[in-house]
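Please read these notes with the model open beside you. They take up the disulfides, then a sheet, then the aromatic rings.

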Amino acid sequence: MLCPWRTANLGLLLILAVFLVAVNISWPVQMARNAVLCCPPIEFRNLVVITWEIILRGQPSCTKSYRKETNETKETNCTDERITWVSTPDQNSDLQIYPVAITHDGYYRCLMATPDGNFHRGYHLQVLVTPEVTLFESRNRTAVCKAVAGKPAAQISWIPVGDCAPTEQEYWGNGTVTVKSTCHWEGHNVSTVTCHVSHLTGNKSLYIELLPG
């Protein structure tokens with residue numbers, strides 16, 4: 001995944017043009033994908049120092065810096081080998097995360113020092129996890145639909161609407177959520193039901209044929 005303002009999609013370019021003047025960007029990224037975070041668009045000849053600050057939950061702050069005058073790079077408290085410069089910082093100041101994991105939820109900021117002042121751009125990175133969807137009939141024309149270990153929590157709806165118990169949510173220590181919906185259909189006028197799961201990573205529908213009773 002490229003930096004937001006370097007996409008070839010014209011619609012996104014129009015939307016993300018606002019981000020160029022923003023200080024902080026909220027950016028959802030799907031787990032296992034490649035994410036590239038960009039510094040402000042400052043010409044390299046004007047740079048003195050580039051510094052990336054990385055703040056992840058439950059970990060000490062990591063900094064990656066590059067000083068142009070001495071062509072020197074330095075890292076402090078950086079242990080995750082999946083977070084790297086895209087190339088050498090004298091060629092590209094962007095930061096790459098590959099592959100993105102749940103533990104990469106956090107705040108990333110690029111600070112660029114120049115003779116004219118300092119410029120920075122921050123990202124609140126939200127890692128998205130696709131839930132595993134299952135659907136089965138438990139008993140007596142009652143169906144159970146689960147969206148397991150999604151991030152954020154998925155939403156479940158039914159076609160046709162049945163007599164449904166309150167939706168249950170189970171929270172896991174890694175930040176994912178399992179959502180469970182149980183519904184019952186009386187009579188025999190409904191033979192097939194569909195569970196529709198809505199999630200930021202994409203929607204999914206499963207159907208099941210109910211037994212007569």
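Predicted model: local features only at pLDDT ≥ 70, side-chain atom pairs only at ≥ 80, totals over all residues.

1. The link of Cys 39 and Cys 110 is right-handed, with 95° about the S-S bond. The two sulfur atoms lie 1.9 Å apart; a disulfide here is a pair of cysteine sulfur atoms within 2.5 Å.

2. Residues are numbered from 1 along each chain as its sequence is written, and side-chain values use heavy atoms, with hydrogens and water left out.

3. How many disulfides does a search of the whole structure find? The search finds four. One of them is formed by Cys 62 and Cys 78, with sulfur atoms 1.9 Å apart. The torsion about their S-S bond is about 95°, so this disulfide is right-handed. Cys 62 lies in strand β4 and Cys 78 in the loop between β5 and β6 (83-85), so the pair ties together parts 16 residues apart in sequence. Cys 62 counts as buried because its relative accessibility is 8%.

4. Cys 145 and Cys 195 are also joined by a disulfide, with an S to S distance of 1.8 Å. Is this link left-handed or right-handed? The torsion about the S-S bond is about -60°, so the disulfide is left-handed. Cys 145 is in strand β11 (residues 142-150) and Cys 195 in strand β16, 50 residues apart, so named distant parts of the chain are linked by the pair. Cys 145 has a relative accessible area of 0% and is buried; Cys 195 is buried too, at 0%.

5. Next, the sheet. Six strands form an open sheet with mixed pairing, in the order β1-β9-β8-β3-β4-β5; two strands pair if DSSP finds at least two bridges between them. At the edges are β1 (24-30) and β5 (72-76), each of which pairs on one side only. Neighbouring strands of this sheet are turned by 15° against each other on average, direction ignored; the axes are lines fitted to C-alpha atoms (for helices over the stretch in contact), and angles run from 0 to 180 degrees between N-to-C directions.

6. Look at the pairings one by one. Strands β8 (residues 106-114) and β9 (residues 117-128) run antiparallel and are joined by nine bridges. Leu 111 has His 120 in β9 as its bridge partner. Six bridges pair β3 with strand β4 (residues 62-67), again in the antiparallel sense, and Ile 50 stands opposite Tyr 66 in β4. Between β4 and β5 there are five bridges, also antiparallel; here Tyr 66 has Thr 73 in β5 as its bridge partner.

7. Two hairpins deserve a check of their turns. The hairpin of β3 and β4 has five residues between the strands, and Gly 58 takes a positive phi near 75° there. The hairpin of β4 and β5 has four residues between its strands, and Asn 71 in the turn has a positive phi of about 55°.

8. Last, the aromatic rings. A pair of aromatic rings is described by the distance of the centres and the angle of the planes. Three aromatic pairs are found in the whole structure; rings of Phe, Tyr and Trp (its six-membered ring) pair if their centres lie within 6.5 Å, and planes under 30 degrees apart count as stacked, over 60 as edge-to-face and the rest as tilted. The rings of Trp 52 and Tyr 123 have centres 6.5 Å apart and planes at 25°, so the pair is stacked. Trp 52 is in strand β3 (residues 49-56) and Tyr 123 in strand β9, 71 residues apart. Trp 52 is buried, at 0% relative accessible area, and Tyr 123 is buried at 0% relative accessibility. Together with Trp 27, Trp 52 and Tyr 123 form one aromatic cluster.

Conventions:
Buried < 20%, exposed > 50% of the residue type's maximum accessible area, 1.4 Å probe, protein only.
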